[in-house]
Amino acid sequence: MAEFPQDTILVALTVDPEGALEKPAAELLGGAAAIGSPVALIVAPAGTGDAAAETAASLGAVQTLIAEVPAGSSALGTFAVDALVGAAELTAPDAVLVPNSIDGRDLAGRFAVRTGSALSVDAIGVERDSEGIVADHSVYGGGYTAQSAPTFGAPVITVRLGAIENRAEAQPANAQTLEVTDSGKRSADVTSYEAVVETSSRPELRGAQKVVSGGRGVGSEESFELVGEFADVLGAAVGASRAAVDAGYIAQSHQVGQTGVSVSPQLYVALGISGAIQHKAGMQTSKTIVAVNKDGEAPIFDIADFGVVGDLFKVVPQAVETLKAKQG
Amino acid sequence: MKIAVLVKEVPDTYGDRKLDLETGLADRAASEAVLDEIGERALEVALNYADSHDGTEITVISMAPSGATATIRKGLAMGAGNAVHISDEELLGADLGLTAEVLAAAIRRGDYDLVVTGNISTDGNAGMLPAMLAEHLDLPHVTGLSTVELTDSTVSGTRAVDGGQQQVTAELPAVISITEALPEARFPNFKGIMAAKKKPFEVIGLADLDIDAADQSTARSIMVSVAEKPPREAGEKVVDDGNGGAELAEFLIKNRLA
Ligand SMILES: Cc1cc2nc3c(=O)[nH]c(=O)nc-3n(C[C@H](O)[C@H](O)[C@H](O)COP(=O)(O)OP(=O)(O)OC[C@H]3O[C@@H](n4cnc5c(N)ncnc54)[C@H](O)[C@@H]3O)c2cc1C
Ligand SMILES: Nc1ncnc2c1ncn2[C@@H]1O[C@H](COP(=O)(O)O)[C@@H](O)[C@H]1O
């Protein structure tokens, strides 16, 4: 068995059903490289591990462990936990990084319980100080920053998607297979999977540099296309308030806020959104905030760098036209 | 069927939520405490099943400071049969690891067929407890459900993951967590509020669960520093007099955002 670096940061990566390494890989390996030597664990469908391992190396993994899910297995989550336990035993890491996604949270939670590790959740950064690894957090909707650290041992840290900007240098491929011991834990079964086909080429909301969001003020599913048009001239992702999601204007995956996605883009445009505290919680750390609302008293204006008090059905088409004209 | 629903008391998100900068803990005096909305929806899932299945027993379980009685009682007023409130001075500032240990021990005392939680709490924002509880209890976890179908031996539903949707199913007993895609909870009515006063309400501490909060054998996560961010300030605001869209465009161009 190969030796692993003294300062190993174990990074749990997942592969989508098509066999491609999932997006958080670059960020997690980038974050890990800043505090130690990134060693990747890739949990992949049978036959896809090698290609994913090459990608992981190109994104900075100094070594990669491949755990291929046994063919025909449909157990929800448990194999990944068993694999991560095995990988941690083998590598004795200084920290374990996991994406703060739905599956990532389940993985980190179970792993932390099984190994008695300290758990830090939704980190926006990781650092190393004289005592070990600490995690940075943005809490209560971005109103506070905090740091957490373990009382001892390697912390398990879930990392907010889109938060880490550091990228690691490519490394030569160096992969090996991990034999996974089945813990025999009971699990649920995944009986089917349906990918949500994004019909547009718009950027994904999580981690987007620009976001244009619509709220209840947009009024209908049809007129929500106006939000999309504005997004397209800016090359932005489309977001929404919970009221817009509840009214069926757009899918839940676009919800920004406390119980939706947290975004921190260069530009956030809020159209027909009042700026309820739960919405602000997911976007107030944006660099520049622009709002259009016909109610001059709407709380969104309290945090907007530029606000237009007016009817979005007049303001937005004019803004789109002006921008198109400038872009030529 | 015996169902445990886990509910949490949280600072009302409509108010100003504050953290104590000395301790890093929620400043409970700064805002009103309410039952977490997602916990109410979790309870609604159980109540909805009970509506059409006689003999369903629903217990609400909460780990919260001693002042949370009224908040937890709301769960009884909505229709749960009894409540278990875990309250202990030693739990002040408990991290996720200790919280999961405590809640798992409380769940073990009852013989539940199903444990229902919210997918993510509005103050902790961790979304970790359901899987942690499942690991402690050696039960399947079925997290992030946007629909729930319950039979007397299985639970299944739709689980939204990044990029798609899964159909998942598990044998009971199991731990599930639900998202806000599930219906809003019913309001407690007058009859419910009166009835709640007579329902069993058990208050227990760490000694009853045989847990030592100071046990050093498992690692804990601690807040080492907390700082408040300066609030954002309002910038320029124009009233649209027919030129607002163009002004907006100019602002974006000037700031190299378009
Ligand atoms: C526990 C909990 C969690 C929550 N989580 C979230 C969350 O994650 N994200 C979220 O967004 N909300 C969340 N909410 C809901 C939140 O409280 C608000 O209800 C919601 O954000 C309101 O959405 P809105 O601004 O689109 O709607 P409204 O508050 O109804 O505002 C609509 C705005 O549109 C303006 N308007 C109408 N017509 C026009 C027009 N023609 N031109 C210009 N302006 C117009 C109006 O003046 C108004 O200000 C949560 C609530 C709770 C209790
Ligand atoms: N102190 C608590 N008491 C009871 N249930 C809790 C507590 N903390 C969290 N939960 C449950 O776990 C879910 C997820 O919480 P969290 O992992 O903190 O985001 C919540 O929606 C509750 O159902």
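Residues are numbered from 1 along each chain as its sequence is written, and chains are lettered from A and ligands numbered from 1 in the order in which they are written. In this predicted model local features need pLDDT of at least 70 and side-chain atom pairs count only at pLDDT 80 or more, while totals for chains, interfaces and linings use all residues, and side-chain values use heavy atoms, with hydrogens and water left out.

Q: Why is the site of ligand 1 called shared between chains?
A: A residue is near a molecule if one of its heavy atoms lies within 4 Å of it, and 28 residues surround ligand 1, with Arg216(A), Ser241(A), Ser274(A), Gln278(A) and Asn293(A) the closest. Because the surrounding residues come from chains A and B, the site is shared.

Q: How much of ligand 1 does the protein bury?
A: Taken alone, ligand 1 exposes 990 Å², of which the protein buries 85%, with accessible areas taken from the Shrake-Rupley method with a 1.4 Å probe.

Q: Which backbone atoms lie by ligand 2, and at what distances?
A: A backbone N or O atom of Leu6(B) is 2.7 Å from an oxygen atom of ligand 2, and one of Val7(B) is 3.4 Å from a nitrogen atom of this ligand. Taken alone, ligand 2 exposes 480 Å², and the protein buries 97% of that.

Q: How do you know what area chain A and chain B bury between them?
A: Buried area is the accessible area (1.4 Å probe) that two parts lose on being put together, summed over both, and for chain A and chain B this is about 7400 Å², 56% of it on carbon and sulfur atoms. Tyr140(A), Tyr144(A) and Phe306(A) supply 12% of the area that chain A buries against chain B, more than any other three residues. Counting contact as heavy atoms within 4.5 Å, 84 residues from chain A and 81 residues from chain B take part.

Terms used
A polar contact is a pair of N or O atoms within 3.5 Å; within protein, one must be able to donate a hydrogen and the other to accept it, and residues adjacent in sequence count only if both atoms are side-chain atoms.
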